[in-house]
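User: I want to learn how charged side chains get their labels. Can you take me through some examples?

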Amino acid sequence: MQDLSPQQTAQNGIDEAVVSSILSARIRPGTRLSENQLAALFDVSRTRVREAMMRLEARGIVNVSPRRGWFVVEPSAEEAMTVYDARRVIEAGLLRTMSRLTETGRTVLNAHLADEKAAIAAGDRQRLTCLMGDFHIRIAELAGNAILVDILRDLTARTILISMLYQSDFHALQSHLGHCSIVAAMEEGDFQKAAALSVEHLDEVETGLDLTRRPDPLADLRHSLSLPPQTVAPSSKASRKAKP
């Protein structure tokens, strides 16, 4: 593999830093990403920052607003549904292509489940958010498909942004048990069952979203001023999402 130049490494660092911050729930939907500040932080030109932002835009992670700059995306209800649809297709299809779980894979997944359980016991929601998303990426890594790892990493990042906007309650234990069921089926060598369980798990997570909620653009300022949360009417477009 060709060695990367320091500037290329810095560019990749911008991409990685933004996505990793979303995966660990350290950055919220709608956060402004200043070209000047990123250029200073990574010691690169604004042109390099802009190139990184354009790559992230193509991956559905950021968008640009004329005369205002770059922002982390705020997925709409319709976009949320398409992200979950994509994840169901990819994750179930990935599991169906697997034929065995190696001892190393078994160790990796069970250690991950133990980390989830410990985070639940500690009430560490930020770590849980990271672990819950990372579980699905780990399965793709065990399958040895680097392309799907990258795709699932981006979809998982977008899922976390969706949960920040539309998830009123965090059902950590339910998600953990769903992961346990998937791993149990993989350990049994029943990857068709694991695929079906992955779809059922994603269905449960999506059902827990309130896609009638609309983001409050003044939420951060409202919180800073200790004002009560905004009450908004349901979105007419999102109301078509009527999952029981």
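**Salt bridges and burial**

Analyst: E206 and R88 are both buried, buried meaning under 20% relative accessible area, exposed over 50% and partly exposed in between, with a 1.4 Å probe and protein chains only. This is a predicted model, where local features need pLDDT of at least 70, side-chain atom pairs count only at pLDDT 80 or more, and totals for chains, interfaces and linings use all residues. Residues are numbered from 1 along each chain as its sequence is written, and side-chain values use heavy atoms, leaving out hydrogens and water.

User: What makes E206 and R88 a salt bridge?

Analyst: A salt bridge needs a side-chain nitrogen of Lys or Arg within 4 Å of a carboxyl oxygen of Asp or Glu. For E206 and R88, the N to O value is 2.9 Å.

User: Why is D154 called buried?

Analyst: The relative accessible area of D154 is 12%. The cut-off is under 20%, so D154 is buried.

User: Which side chain does D154 meet in a salt bridge?

Analyst: D154 pairs with R59, at 2.7 Å from N to O. D154 lies in helix α7 and R59 in the loop between α3 and β2, so the pair ties together parts 95 residues apart in sequence. Helices (H or I, at least four residues) and strands (E, at least two) are DSSP runs, numbered from the N terminus.

User: Why is R59 called partly exposed?

Analyst: R59 has a relative accessible area of 29%. That falls between 20% and 50%, so the label is partly exposed.
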